[in-house]
Amino acid sequence: MMTNKPFALGLAGAFALTATLAVAQQSDMTIGQQLEPPHLDPTSAAAGAIDSVLYSNVFEGLTRFGPDGSVGPGLAREWEISDDGLTYTFHLAEGVKFHDGTTMDSEDVKFSLDRARAEDSVNAQKALFSGIESVEATDPATVTVTLKNPDGNFLFNLAWGDAVIVAPESIENIKTTPIGTGAFMFDNWVQGDRIELTKNPEYWGEPAMLDAVTFKFISDPTAAFAAMMAEDLDVFPAFPAPENLPQFDADPRFKVLVGSTEGETILAINNKLPPLDDVRVRQAIAHAVNRHEIIDGAQFGYGTPIGTHFAPHHPDYVDLTEMSQHDPEKARTLLEEAGVSLPLQLKMTLPPPSYARRGGEIIAAQLRQVGIEAEIENVEWAQWLEATFRGYDYGLTVISHTEPLDINIYARPDYYFQYDNAEFQKLMEEVGVESDPDKRSEMFRQAQTTIAEDYVNAYLFQLPLLTVAKTGVEGLWENAPTQAADMTAVHWAE
Amino acid sequence: MLRYTLTRLLSLAISLAVASVVIFLAIEILPGDPAAFMLGVNAQEDTLAALRDQLGLNGTLWERYVSWVGGMLTGDFGTSYTYRTPVAGMIADRLWISLPLAIYALLLSTLIAFPAGIWAASRRGSAADVGVMGTTQLGVAIPNFWFAMLLVVVFAINLQWFSAGGFPGWDEGFWLSIKSLTLPAIALALPQASILARVMRSALLDTLSEDFVRTARAKGLSRRQALWRHALRNALIPVLTIIGLQFSFLLAGGIIIENVFYLPGLGRLIFQAISARDMIVVESVVMLLVFAVILVNFLVEIAYALVDPRLRHRA
């Protein structure tokens, strides 16, 4: 009994403590996130979890993505582009300080961009910077970037999380102690559990509205549901259990936001593997697939059908879903015309996300209707990257391409679906150097149509962003134009 | 006793050496490149090569094995590929959650199982015995993750007495941390307590029917006195064996419970490290767990000798 008593007292004390915390909880917020960042350097890893925590909150680039996907000024407040489109002159914001008190000036910008494109760079998106010829720090507040060729995407590229501005003074420890210029400062990381950010009192721009933000890492969908229901969390962007959303919707304590991401979810096809090198066979697969069944079955109804590799919310999107209507009869005819002996055996690799695992099983059932036997192989990400993505050892795979405006991957003949169309490659080259917005739009429309006509892949749906939040939370991004949980404008309702 | 201890120590060392080879080979043949995992789908070939070089992934299998084992012997577990922090520190952080959780669960399980088992054995065939046997049957049958979710629904979602998971860290206060480990410890302890109570009961019933207990009764001890003074100590050997096995299980096998309660323990660390192909972390944690299991077995064998003097002299 003696040991039980202090225990009980301690528990009571702990309850009292949580109670007081709950009353004072008006200026901080706890965010749930499924994946934990491996480290905290957005410029040396592809992990979206790093950007989700740090993008815009802690680190800023010269330009930045807005909630609608538009590219606006970041640390660079203004810029001029020379007539030949080769020289960009950026005018930096005044009085910007890194969180360690050092000044952010043009030298830091030069350092960051040069580091990203250096020979020994480990930047996951190094290609974004490969068009840079030179970076000059003209004066402390001005940076001049010269490109090798005109690039209509350059300002867009600079908005990526991989292009944020870092300082040479703090680069050594960036992986554990990130020092940026953002409205929040990194405070603490309890590995495996949470990352804490606090408000930057000396922020150069519009200050953050919250005093502190905690990101908690909960990988299991059921645990995420429980943590939200127990009100341990205030917001869960990219909520992993769509089947539970109606429950939150019906509960007055919570609200559900349904937005869009840049993730085109596709049934990718190995275009070089016979008989998939025959466009008729790929078209047959596209017609065998029933998007609505997949969206209902794997996504509980959340997701916009797509007919090409482009985000439906983008102004240049063309709706081409008609070209690959669900039509098993037509699929069978096409397979017959192509002279494929049925049943056709194909290996279908499925990476871990539920859209792939659940969606893949539905697709396999649909393909069976037209005589295609998809042998499902569930793989981890590391296996998928090695065997499917780099080794081309697959017939079909389900995957969401989450990078914004990434139709140019179809211009890479060695990309894992191995689509090799010289005309398309030329078109992408042209759009890269075109800066007239109308002409660019026209080219993007053409590109979407070309890949749909070639039935490179079967296009399924745009991955939704499902956010669950407490009713009083305001200022959240409804869509995800890039992987980010931008907390700078988030606040509690009065 | 000394010779007994020394032979046990020698077999401990051999087990460890064999385990290190098996673990290293099993993990190194897994397909998947940690550099490709970290840099994702848009990485260029030269970037991947630069990262592999940074991580030291270019040596031969033999070179990497020697440097891994050599490092461990000198207390250096290497640097995690993905987290880029020393593995030893990561393991220590996680151990500060998994170890207290395992001890907490084991304490709960023993505190429930001993009285329940003894009570049932001393009243064999009574309503109490049937009740304990029935309850423990249920406890063994219920999967612990399901029981964990039930606890979450009742105590976190409906009553909101506890948070649904997570761990604040020992710096935030001892009782707050204990509180956050309470539901997981109960979920882990219930099946263990059920098994242990059943073992306790049957071991005690076995010894109660032995000659020396009858002799003790014949010399005038009451049934209860005979049980406490003579039978209990002799029934402890199987119970100790089970406790040893359970502790290893609780330490290494908490992975599911750690997922349900999103606790940053060793199980979660292994899980994350395997999917990221952070081989050096996986190898070191598995090695540590093997060491822990072997060490616990060793301690249990020493404990046998303490409760049973015959073992001391035999070896």
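**Entry 1: the two chains**

I began with the contact between the chains: 45 residues of chain A and 48 residues of chain B take part. I count residues as in contact if their C-beta atoms, placed from the backbone, lie within 7 Å. The model is predicted: local features need pLDDT of at least 70, side-chain atom pairs pLDDT 80 or more, while totals for chains, interfaces and linings use all residues. Residues are numbered from 1 along each chain as its sequence is written, and chains are lettered from A and ligands numbered from 1 in the order in which they are written.

Which element gives the largest share of the side of chain A that touches chain B? I found H11(A), with 8 residues. By class, this side of chain A has 22 nonpolar, 12 polar and 11 charged residues. Here Ala, Val, Leu, Ile, Met, Phe, Trp, Tyr, Cys and Pro count as nonpolar, Asp, Glu, Lys and Arg as charged, and the others, Gly among them, as polar. Helices (H or I, at least four residues) and strands (E, at least two) are DSSP runs, numbered from the N terminus.

**Entry 2: a sheet in chain A**

Next I looked up an open sheet of 4 strands in chain A, with the order E4-E5-E7-E6 and antiparallel pairing. Strands pair if DSSP finds at least two bridges between them. The edge strands are E4 (76-81) and E6 (132-139) of chain A. I see 6 bridges between E6(A) and E7(A), residues 142-147. A:Ser134 stands opposite A:Thr146 in E7(A). Helix H3 (residues 106-117) of chain A lies across E5, E6 and E7 of chain A, at about 165° to E6(A). Axes are lines fitted to C-alpha atoms, for helices over the stretch in contact, and angles run from 0 to 180 degrees between N-to-C directions.

**Entry 3: strand E14 of chain A**

Is E14(A), residues 344-350, enclosed or open? I found 5 of its 7 residues buried, so E14(A) is largely enclosed by the rest of the structure. Buried means 20 or more other C-beta atoms within 10 Å of the residue's own. A:Met348 has A:Ile376 as its bridge partner in E15(A).

**Entry 4: two helices of chain B**

Last, I checked H1 (residues 2-28) and H13 (residues 279-307) of chain B: they pack at about 160°, with axes 10 Å apart. That makes H1(B) roughly antiparallel to H13(B); the term applies over 145 degrees. The residues of their contact divide into 17 nonpolar, 3 polar and 4 charged.

Conventions:
Parallel < 35°, antiparallel > 145°, perpendicular 65-115°, else oblique. Buried ≥ 20, exposed ≤ 12 C-beta atoms within 10 Å, placed from the backbone. Contact = placed C-beta atoms within 7 Å.
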